[in-house]
Every structure is written in structure tokens, then in C-alpha cells.
Amino acid sequence: MHASVGDRIVVRTESLGLPPREGTVQEVLGGPDAEHYRVAWDDGHESVLSPGPDTRVLPARGGVPRQQAAPAARTRPAGPHDPVERIMSSPVATIDGHDSLRVAAETLTAAQIGALIVTSDEDDRPLGLISERDVVRALAAGGDPDEVWAADVVGLDTVWANPTDSTFDVARLMRDAEVRHMPIRSGENCVGMVSIRDVLRILIGS
């Protein structure tokens, strides 16, 4: 898919029980074969979106015309010392702490991702990350997929990064923690996620 500055982005999240998220493209990042976008969301947040099967592009109607997009914004790729928010995926898929491992596995499969943020049932506060590897380990240890909750498996030592951390620094965090997914937190909110694939794409391409 391709989008230009000023186009509208709609991310369908009905499968996660959430309303669609809508925003406006502010900057086109990456190359023609792997475009991603800096999006100003209608809810007041801004993040970098890597489009997936649930992403739709609506051509601009008013606002910033396509021809006004700055050439540098179209072609300048993110670098290893740029803030990691430029490459993080958002919105982040979540599950409740009282959801079972079966629900976690089904959500991971449906969204075609490798990790989820587990949230508190009371206030939606992010508790930590649960990965496909965590689910497999729990099941291999004899856990009942319908009786073990996500909150039972989520790592108490989940490592978080900040949106302003550089991709290089996040790569070091992932190496030291031996993890393949890093949640990005701003204040008490999880605002994005990066995978080892996202990070390596920047480091190897630099």
C-alpha cells in the first residue's frame, strides 16, 4: 500500500474489541518497498505506523495536498540514532490480565504478531508484555490454556523503552534483556511496540 502526506489512515481493530483508529499522515518514512508513516491520530496522539492487513488509506480531502509533501520527508529513512517512535508500531494490541492463555494465543494468531500488552482489568493500566514464547513455555510446563491467566505469565521484569530513546539504545536494551519485543511507554501508557525485526532493519540498513 502507499499513502501520501495528508491522506487519512484507518486502522480496523474490531477483532480486538476496539473501534477503528483514525488519523492523518504527517510524514512518509522508509523506502518504496517498506513504507511506514508518522501519523497524527484523532485522539491527540502521534506515532509511527507500519501498515498491516487492517490498515486502509483514504485519499486526502482538503488539508495538505499531496503535491506539497516535502521530498526529504518522503525519502529520508529512520536512522539508528533517531527516536524509536519513528519505527514503533501503534496502536498496540492488548489483552486483559484475566484473559486465558488460549485467548492470548488466539489474539496473537489473529493479529499476526509476536507479543501483546497485558492490561489491568480495573483501569487498563499496562502490566507488562506477554510473548508467543511466554505462552509456549507456560503450556510446555503443563499449564492449562483455559485456566492460566495472562497476568500469571506476564513477566514482572518487563523492560520498557521511551519514545525518545534511540533505536540503537533500544537495540542494546533488547540484547541485554534477551527479548525480541520491546514495548514503548510514555508515562503510564503503552504507546507503541518494536520488534527485533524492526530494529535490525534500521541497523543493517544504516
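Welcome! This is a predicted model, in which local features need pLDDT of at least 70, side-chain atom pairs count only at pLDDT 80 or more, and totals for chains, interfaces and linings use all residues. Residues are numbered from 1 along each chain as its sequence is written, and side-chain values use heavy atoms, leaving out hydrogens and water.

**Confidence**
- The chain has a mean pLDDT (the predictor's confidence in each residue, from 0 to 100) of 83, and 84% of its residues reach 70 or more.
- Confidence is highest in helix α5 (residues 167–177), at a mean of 94, and lowest in helix α1 (residues 71–75), at 42; helices (H or I, at least four residues) and strands (E, at least two) are DSSP runs, numbered from the N terminus.
- Over residues 62–75, pLDDT stays under 50.
- Where pLDDT is low, the predicted coordinates should not be read in detail.

**The sheet**
- An open sheet is built from five strands in the order β4-β3-β2-β1-β5, with antiparallel pairing; two strands pair if DSSP finds at least two bridges between them.
- At the edges lie β4 (46–49) and β5 (55–58), each pairing on one side only.
- Strands β1 (residues 8–11) and β2 (residues 21–29) pair in the antiparallel sense over four bridges.
- V10 has E22 in β2 as its bridge partner.
- Strands of a sheet pair through backbone hydrogen bonds.

**The lining of the second largest pocket**
- By class, this lining has six nonpolar (Ala, Val, Leu, Ile, Met, Phe, Trp, Tyr, Cys and Pro), six charged (Asp, Glu, Lys and Arg) and four polar residues (the others, Gly among them).

Technical notes
Contact = heavy atoms within 4.5 Å.
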